[in-house]
Amino acid sequence: MSAPGSRWFPPGKTLGGELGLAMKRVAAFGVVYPAGYEQALVGKYSREGVLYPHILIILGQPRINHHFFYPRALGRTGRLLDYGCGTGDNIRQLIRDGFPRERITAFDINRASIDLGFDLYRDREEMQDLFSISGTFPYGPAEFGMVYSASVVHVIADEGEFRTYLSNAWSALRPGGILFGSTLGLAEGAVRSPDGRGPPREQLAGELAVAGFRHPEIVQRYHVPHDVPGDKDNMCVFEFCTEKPA
Ligand SMILES: C[S@@+](CC[C@H](N)C(=O)[O-])C[C@H]1O[C@@H](n2cnc3c(N)ncnc32)[C@H](O)[C@@H]1O
């Protein structure tokens with residue numbers, strides 16, 4: 001049984017199996033695990049549960065470096081905020097790719113996935129200063145040149161909370177700053193099933209415009225990593241990039 005607050009793993013996947021696979025992927029980045037580490041982690045997360053099983057399933061597979069805006073992001077000045085950072089896979093990739101560490105901040109409303117990232121990467125001591133956790137958005141106006149948002153839009157079910165999220169991103173960006181990221185969405189031409197998640201392209205573009213962003217680029221990707229019953233053929237991943245006017 002899952003611990004309170006955690007969600008189920010999809011059919012065919014188990015906590016132990018996914019932890020083992022995540023450790024193999026992270027080991028490929030050079031992380032070394034002592035004997036017994038895997039059993040200890042399985043014990044810990046069997047007791048505590050995993051808040052977002054899907055995040056464990058993809059842990060060690062950063063997505064930011066596949067985003068169409070990434071080459072441009074690496075060349076920009078200013079600070080970058082990973083807003084809804086989860087395990088921190090993506091900021092670790094930025095550092096591996098030479099983006100200056102002192103210009104990176106990772107924020108989440110929840111500690112669970114950040115701790116999962118520390119447990120897998122074994123780098124709490126050296127990385128914890130980059131992460132910040134709070135129930136309220138802690139950043140002032142125009143602090144960042146870029147805000148990155150990966151798989152956060154589709155987990156925010158409440159419309160008001162989603163608008164607050166976008167408005168926080170807008171406010172935290174300096175004029176000319178860029179919001180980029182990805183979300184599950186409804187594929188072009190698909191009909192939403194009753195339990196569907198993720199916005200159609202027009203809705204995503206509309207919400208970005210309402211928040212004050214301009215010149216959105218939204219690219220549909222067909223790989224659908226989530227196991228969403230009844231919705232598998234309808235869901236896509238949208239990558240987006242949009243600007244706070246200068
Ligand atoms: C599916 S996970 C994605 C994590 C990470 N961005 C990634 O791509 O692996 C969604 C994350 O968004 C965070 N989140 C949800 N609502 C948020 C909000 N309003 N502000 C900040 N983070 C939020 C959750 O706590 C969770 O860590």
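Leaving out neighbours within four places in sequence, Thr 77 is in contact with Arg 103, Gly 145 and Arg 174. Keep in mind that this is a predicted model.

Where does Thr 77 sit? It is in the loop between α4, residues 70-74, and β1, residues 80-83. Thr 77 has 52% relative accessibility, so it counts as exposed, the cut-off being over 50%. Of its contacts, take Arg 174: the side chains of Thr 77 and Arg 174 are joined by a polar contact of 3.2 Å. As for Arg 103, it lies 26 residues from Thr 77 along the chain, and the two C-alpha atoms are 8.8 Å apart.

Next, Gln 93, in helix α5, residues 89-96. Is Gln 93 buried or exposed? Its relative accessible area is 8%, so Gln 93 is buried. Its side chain makes a polar contact of 2.7 Å with the side chain of Arg 96. Beyond four places in sequence, Gln 93 touches Phe 29, Pro 62, Ile 64, Asn 65 and Tyr 70.

In soluble globular proteins, nonpolar side chains tend to be buried together. Here the largest nonpolar core has 26 residues, and those touching the most other members are Leu 81, Tyr 83, Phe 137, Val 147, Leu 166, Leu 179 and Phe 213. Two or more residues each come from β1, β4, α8, β5, α9 and β7. The largest share, 5 residues, is from α8.

Not counting residues up to four places away in sequence, Val 147 touches Leu 81, Tyr 83, Ala 169, Leu 173, Ile 178, Leu 179 and Phe 180.

There is also a second, separate core of 22 residues, including Tyr 70, Ala 106, Met 127 and Tyr 148.

Terms used: Residues numbered from 1 in each chain as written. Predicted model: local features only at pLDDT ≥ 70, side-chain atom pairs only at ≥ 80, totals over all residues. Heavy atoms only, no water. Helix = DSSP H or I, 4+ residues; strand = E, 2+ residues; numbered from the N terminus. Buried < 20%, exposed > 50% of the residue type's maximum accessible area, 1.4 Å probe, protein only. Contact = heavy atoms within 4.5 Å. Polar contact = N/O pair within 3.5 Å; in protein donor to acceptor, adjacent residues only side chain to side chain. Core = buried A, V, L, I, M, F, W, Y, C linked by side-chain atoms within 4.5 Å.
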